[in-house]
Amino acid sequence: MGNGPQHYHPALGTMSYHPTRPRFTCAGNPASPQAGEREADLQAWFMRFRDGMTYRQIADRLGWKTESAAYKAVWRFNRRELAKHQTRAAKVRARQDAALRERLSWDEDFGERPTTYQEIANGLNYAHRASAWKACQRALERLGDRLQDMDEDQDDERD
């Protein structure tokens with residue numbers, strides 16, 4: 001197995017090499033990056049992608065011993081920023097989809113009228129009805145793209 005201590009994993013009923021670790025996002029976790037480390041990661045990222053420096057140059061400039069430290073800092077920053085943007089984008093898409101569902105949730109048989117863009121804006125906290133309209137349009141575009149991809153996949157299966 002490994003050289004380190006073995007830990008019993010109750011769910012699996014086996015010994016595991018790694019004990020359960022707390023998540024990095026938990027408050028007070030000593031493994032979480034501190035403010036100074038986050039700043040160094042940011043500097044390393046800028047040196048790599050804005051200034052075009054090599055990992056060796058970044059390590060020398062920031063006083064690290066190895067290129068590996070610079071590499072890890074750059075990609076640690078990338079991973080954190082990417083996670084933030086993916087979370088934000090998912091929230092935006094969910095809100096746009098909700099706006100579209102509101103717009104399409106009317107029934108002529110029961111005499112209900114379509115939800116207006118102003119009502120959607122009020123209900124979903126958009127600043128203006130134009131923002132609600134744009135949200136619906138973006139959701140429709142994504143839906144159209146998904147349908148087009150499905151059609152292309154079906155055409156590929158036929159060939």
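1. The charged end of Arg 48 sits over the ring of Tyr 55, 4.3 Å from its centre. Arg 95 does likewise with Tyr 126, its charged end 3.9 Å from the ring centre. (The criterion: NZ of Lys or CZ of Arg within 6 Å of the ring centre and within 35 degrees of the ring normal.)

2. This is a predicted model: local features need pLDDT of at least 70, side-chain atom pairs count only at pLDDT 80 or more, and totals for chains, interfaces and linings use all residues. Side-chain values use heavy atoms, without hydrogens and water.

3. Tyr 55 also pairs with Tyr 71: centres 5.3 Å apart, planes at 75 degrees, so edge-to-face. (Rings of Phe, Tyr and Trp, the last by its six-membered ring, pair with centres within 6.5 Å; planes under 30 degrees apart are stacked, over 60 edge-to-face, the rest tilted.) Tyr 55 is in helix H2 and Tyr 71 in helix H3, 16 residues apart. Tyr 55 counts as buried at 16% relative accessibility; Tyr 71, at 45%, is partly exposed. (Buried is under 20% relative accessible area, exposed over 50%, partly exposed in between, with a 1.4 Å probe and protein chains only.)

4. H2 (residues 55-62) and H3 (residues 67-104) pack at about 95 degrees, axes 8 Å apart. They are therefore roughly perpendicular (65 to 115 degrees; under 35 is roughly parallel, over 145 roughly antiparallel, the rest oblique). Tyr 55, Arg 56, Ile 58 and Ala 59 meet H3 residues including Tyr 71 and Trp 75 (contact: heavy atoms within 4.5 Å).

5. Trp 45, Phe 46, Phe 49, Tyr 55, Tyr 71, Trp 75 and Phe 77 form one aromatic cluster.

Conventions
Residues numbered from 1 in each chain as written. Axes fitted to C-alpha atoms, helices over the stretch in contact; angles between N-to-C directions. Helix = DSSP H or I, 4+ residues; strand = E, 2+ residues; numbered from the N terminus.
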